[in-house]
Amino acid sequence: MFRIGCHLSMSKGYLAMGKEALSLGANTFQYFSRNPRGSGVKPFDTADADAFIAFAAEHDIRKVLTHAPYILNSCAATEELRKASLEIMTEDVRRLEYFPEAMYNFHPGAHVGQGTEAGIGFIADLLNRLIVPGQKTVVLLETMSGKGTEVGRDFEELASILERVTADREKHVGICMDTCHISDAGYDVKDRLDEVLETFDRVIGLSRLYAVHLNDSKNPLGAHKDRHEKIGEGFLGTGTFSKIINHAALRDLPFYLETPQDLQGYAQEIRLLSSLYQPDEASGER
Ligand code: FE
Ligand code: FE
Ligand code: ZN
């Protein structure tokens, strides 16, 4: 089935996000675990979380994705900054264990001149400390556009990080593919989607892909800019998104919009994409 949602604000709590998602026609959503630029977090409200869990079960809202604050940098230049990132992420992930099936997405980081190899080492090190074997929450590395010194600018860099995660943690780590970011990184999802996904499968493995951020891009292939655009209004265009959401390798994954929209704009994009999704008739899907 088609699972689609958008980015929502956590300011009114979990149940409020669930209700908002439903009102927009979404059956999943993403939110920032805390202020994206800061580190403050509200005390955990068990009653609100319980109410949300019941509401989500009742309305088939699933595969909710929590996004780490993007100010964190797990491969920062100082031990102190790297430790601060690990502490915040650890607090977020422990909290997510309360929910039945959580996913936690983060930007791998920026090596800030230390070099890609060093960055990859720090990120793998963070994952090996963050993940407790046996946890439920799956931690996702986001594919990046390659602006500045970002690590995760190609599938090889992400594969190198995954390879350094210890075997007992492996099933708790995956990838979130951002369509704007990979186009900006130079992967031609617009005209060569099959090839891009074959490359992903060969280098990382499609079984490691858990989620897709659906964003058009303000910039052309390989621009390394990371400026999201509304669906159909950017370089990728509506036809690309129709191919992406219907592709055999992607169609059963959850899709999250991070386009520059207000809530009504998101509702419109959700309606548009739902109308473009073709049910798989062989499986009796509707
Ligand atoms: Fe992101
Ligand atoms: Fe994204
Ligand atoms: Zn982005």
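Guide: In this predicted model, the zinc ion (ligand 3) and the iron ion (ligand 1) are 5.2 Å apart. Residues are numbered from 1 along each chain as its sequence is written, while chains are lettered from A and ligands numbered from 1 in the order in which they are written. Local features need pLDDT of at least 70, side-chain atom pairs count only at pLDDT 80 or more, totals for chains, interfaces and linings use all residues, and side-chain values use heavy atoms, with hydrogens and water left out.

Visitor: Which residues are the protein donors of the zinc ion (ligand 3)?

Guide: Donors are N, O and S atoms within 2.8 Å of the metal (3.2 Å for Na, K and Ca); water is not among the atoms, so sites may look incomplete. Here the zinc ion (ligand 3) has His181 (NE2), Asp226 (OD) and His228 (NE2) as protein donors, at 2.0 to 2.3 Å. Their spacing along the chain is H-x44-D-x1-H. His181 belongs to helix H6 (residues 179–185) and His228 to strand E9 (residues 228–229), so this pair ties together parts that are 47 residues apart in sequence. Helices (H or I, at least four residues) and strands (E, at least two) are DSSP runs, numbered from the N terminus.

Visitor: Is His181 buried or exposed?

Guide: Buried means under 20% relative accessible area, exposed over 50%, and partly exposed in between (1.4 Å probe, protein chains only). His181 counts as buried, at 2% relative accessibility. By contrast, Glu163, in helix H5 (residues 155–163), is exposed, with a relative accessible area of 64%.

Visitor: Which residue bridges the iron ion (ligand 1) and the iron ion (ligand 2)?

Guide: Glu142 bridges these two ions, which lie 3.3 Å apart. His67 lies in strand E3 (residues 65–67) and Glu142 in strand E5 (residues 138–142), so the pair ties together parts that are 75 residues apart in sequence. His67 is buried at a relative accessible area of 3%, and Glu142 is buried at 1%.

Visitor: What is the geometry of the site of the iron ion (ligand 2)?

Guide: Four donors count as tetrahedral if all angles lie between 85 and 135 degrees; four count as square planar and six as octahedral if opposite donors are over 155 degrees apart and all others between 65 and 115; anything else is irregular. The iron ion (ligand 2) is coordinated by Glu142 (OE), Asp178 (OD), His213 (ND1) and Glu258 (OE), at 2.0 to 2.2 Å. The angles among these four donor atoms run from 86 to 175°, and the site is irregular. Both His213 and Glu258 are buried.

Visitor: Which residues that line the largest pocket are the closest to its centre?

Guide: On a 1 Å grid over the protein atoms alone, a pocket is an open set of points where a 1.4 Å probe fits, with protein on both sides within 12 Å along at least five of seven lines; lining residues have an atom within 4 Å of a point. The largest pocket holds about 560 Å³ of space. Of its 24 lining residues, Tyr70, His107, His181, Asp226 and His228 are the closest to the centre.

Visitor: What is the mean pLDDT of the protein chain?

Guide: pLDDT is the predictor's confidence in each residue, from 0 to 100. The protein chain has a mean pLDDT of 96, and 98% of its residues reach 70 or more.

How values were computed
Grid points are joined across faces, edges and corners, and a volume is the space filled by probe spheres set on the points.
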